[in-house]
Amino acid sequence: MEEPERLTDDHVSRDCRRRCGRICVRCLDRIDGGLRTLLDLYRESDQALVPGARVLRERVSGSRATVGIVLDERALALRARATEVMALWARLVVDERAGARPAGRGVTALVGFLRGQLPWFAGHPAGADLDEELAELLADFRHLLGPGPARRFTLGACTRPECAGTLYGVLPADGGDRVPEQVTCDAGHALPPRQWLLVANRTREAVTT
């Protein structure tokens with residue numbers, strides 16, 4: 001009698017689906033973590049929109065503001081693809097599950113919606129495809145952004161009048177740079193580098209404490 005195929009600890013969702021007919025809990029947890037990471041990388045990529053970020057960081061500390069900013073086409077294209085991919089998977093759920101609908105069209109809302117639908121994707125024939133497309137997006141974001149930042153610190157209330165969120169800055173892993181790699185709001189939007197002068201004083205106070 002032939003022994004059943006054994007799944008290794010590093011198996012992917014297509015393996016467990018082929019054997020068990022559905023995606024296992026371990027793979028679902030990994031996909032959930034991948035969706036959260038995708039959202040973090042998407043927010044971080046806001047800074048990658050502006051070529052020559054080092055010049056912008058230096059000007060946060062007190063010199064004149066940057067003018068004539070040119071956006072990086074690679075970052076724009078990748079962010080647009082991430083939004084499109086998340087929207088297409090959300091559309092699949094909306095079309096096949098009565099009453100299921102994301103809270104918005106932005107990446108934050110779409111990722112949150114898909115995370116809540118993972119138990120459904122576990123038994124769906126396309127669940128493994130979601131896993132693979134997510135892995136491709138994560139790889140492309142990491143290739144664009146390089147090694148991730150390490151330390152997050154609070155910068156106080158968001159600068160948008162209509163927003164009740166909190167701003168956070170992120171310092172690089174080596175700790176040598178005292179200027180944030182990114183400034184984002186927990187309500188789901190990022191503060192563009194050209195607006196960092198608005199929180200420059202908060203940043204200096206945060207990194208010295």
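These questions and answers go through a predicted model of one protein.

Biologist: What pattern does the protein follow along the sequence?

Modeller: The protein has eight helices and three strands. Read along the sequence, they follow the pattern α-α-α-α-α-α-α-β-β-β-α.

Biologist: How are α4 and α7 oriented to each other, roughly parallel or roughly antiparallel?

Modeller: Helix α4 covers residues 73-96 and helix α7 covers residues 127-145. Their axes are 11 Å apart and meet at an angle of about 165°. Angles over 145 degrees count as roughly antiparallel, so α4 and α7 are roughly antiparallel.

Biologist: Which handedness does the crossing of α4 and α7 have, and how many charged residues does the contact have?

Modeller: The crossing of α4 and α7 is left-handed. On α4 the contact includes L78, V85, M86 and W89, and on α7 it includes L130, L137, F141 and L144. R74, R79 and R81 of α4 also take part, as do D129, E133 and D140 of α7. By class there are 10 nonpolar residues, no polar ones and, as charged residues, six.

Biologist: Why do the buried residues of α5 lie on the same side of the helix?

Modeller: In α5, residues 107-116, the buried residues are V107, L110, V111, F113 and L114. An α-helix has 3.6 residues a turn, so residues three or four places apart point the same way.

Biologist: What percentage of the 209 residues in the protein is buried?

Modeller: Buried here means under 20% relative accessible area. Of the 209 residues in the protein, the buried ones make up 44%.

Notes: Residues are numbered from 1 along each chain as its sequence is written. This is a predicted model: local features need pLDDT of at least 70, side-chain atom pairs count only at pLDDT 80 or more; totals for chains, interfaces and linings use all residues. Side-chain values use heavy atoms; hydrogens and water are left out. Axes are lines fitted to C-alpha atoms, for helices over the stretch in contact, and angles run from 0 to 180 degrees between N-to-C directions. Helices (H or I, at least four residues) and strands (E, at least two) are DSSP runs, numbered from the N terminus. Angles under 35 degrees count as roughly parallel, over 145 as roughly antiparallel, 65 to 115 as roughly perpendicular and the rest as oblique. A crossing is left-handed if the near helix is turned anticlockwise from the far one by less than a right angle, and right-handed if clockwise. Contact means heavy atoms within 4.5 Å. Ala, Val, Leu, Ile, Met, Phe, Trp, Tyr, Cys and Pro count as nonpolar, Asp, Glu, Lys and Arg as charged, and the others, Gly among them, as polar. Buried means under 20% relative accessible area, exposed over 50%, partly exposed in between (1.4 Å probe, protein chains only).
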